[in-house]
Amino acid sequence: VSFPYGRFAGAGINTGIGTDSHGMDLIGEIRVTGLLSKQYANTAHAGTAYDLLRAATLAGANALGRADLGRLEAGAKADYRTHEALGQRDQIVRHS
């Protein structure tokens, strides 16, 4: 598997994570990116949670040229998801 996410991000390339197909499972995409990054780099220290969450939020917003997205702060638009820790229920919450 050739999966150079870490190489691109390490080179300063704004590297975002998103969805564009069936399921729209951003958490799943982050997980797969992390696992493939670790496999590609042959180290457990590649594809950290911090880096991947940033790629799915701030880097994605920056790639779209949208300073009003990708962060939870006053004045920013936000879609966020809550998870029940012991269950399978998800809730999408939209604010604009």
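**Figure 1. Contacts and overall layout of the protein.** Of the contacts (heavy atoms within 4.5 Å) between residues at least 6 apart in sequence, 36% join residues at least 24 apart. This is a predicted model, in which local features need pLDDT of at least 70 and side-chain atom pairs count only at pLDDT 80 or more, while totals for chains, interfaces and linings use all residues. Residues are numbered from 1 along each chain as its sequence is written, and side-chain values use heavy atoms, with hydrogens and water left out. The protein has 4 helices and 2 strands, in the order α-α-α-α-β-β along the sequence. Helices (H or I, at least four residues) and strands (E, at least two) are DSSP runs, numbered from the N terminus. Buried residues (under 20% relative accessible area, against over 50% for exposed and in between for partly exposed; 1.4 Å probe, protein chains only) account for 18% of the 96 residues.

**Figure 2. The largest nonpolar core.** Tyr5, Ile17, Ile30, Leu52, Ala55 and Ala56 form this core of 6 residues. Helix α3 (residues 49-56) gives the most to it, with 3 residues. A nonpolar core is a set of buried Ala, Val, Leu, Ile, Met, Phe, Trp, Tyr and Cys residues joined through side-chain atoms within 4.5 Å. Leaving aside residues up to four places away in sequence, Ile17 touches Leu26, Glu29, Ile30, Thr33, Leu52, Ala55 and Ala56.

**Figure 3. The buried side of α3.** Leu52, Ala55 and Ala56 are buried in this helix. These residues lie on the same side of α3, because they cover an arc of only 95° around the axis; the arc is that of the directions from the helix axis to the C-beta atoms. Their cover includes α1 (5-10), α2 and α4 (58-63).

**Figure 4. Asparagine 42 and the loop between α2 and α3.** Asn42 sits in the loop that runs from α2 (26-41) to α3. Its phi is near 60°, a positive value in a residue other than glycine. Most residues other than glycine have a negative phi. Asn42 is exposed, with a relative accessible area of 71%.

**Figure 5. Leucine 35 and threonine 48.** Leu35 belongs to helix α2 and is partly exposed, at 45% relative accessibility. From C-alpha to C-alpha, Leu35 and Thr48 are 9.8 Å apart in space, and they are 13 residues apart in sequence.

**Figure 6. The salt bridge between arginine 66 and aspartate 68.** The count is 1 salt bridge, defined as a side-chain nitrogen of Lys or Arg within 4 Å of a carboxyl oxygen of Asp or Glu. In the Arg66–Asp68 pair, the closest N and O atoms are 2.7 Å apart. Arg66 is partly exposed, at 33% relative accessible area, and Asp68 is also partly exposed, at 22%.

**Figure 7. Confidence along the protein.** Mean pLDDT (the predictor's confidence in each residue, from 0 to 100) is 79, and 78% of the residues reach 70 or more. Confidence is highest in α3, at a mean of 89, and lowest in strand β2 (residues 90-95), at 55. Where pLDDT is low, the predicted coordinates should not be read in detail.
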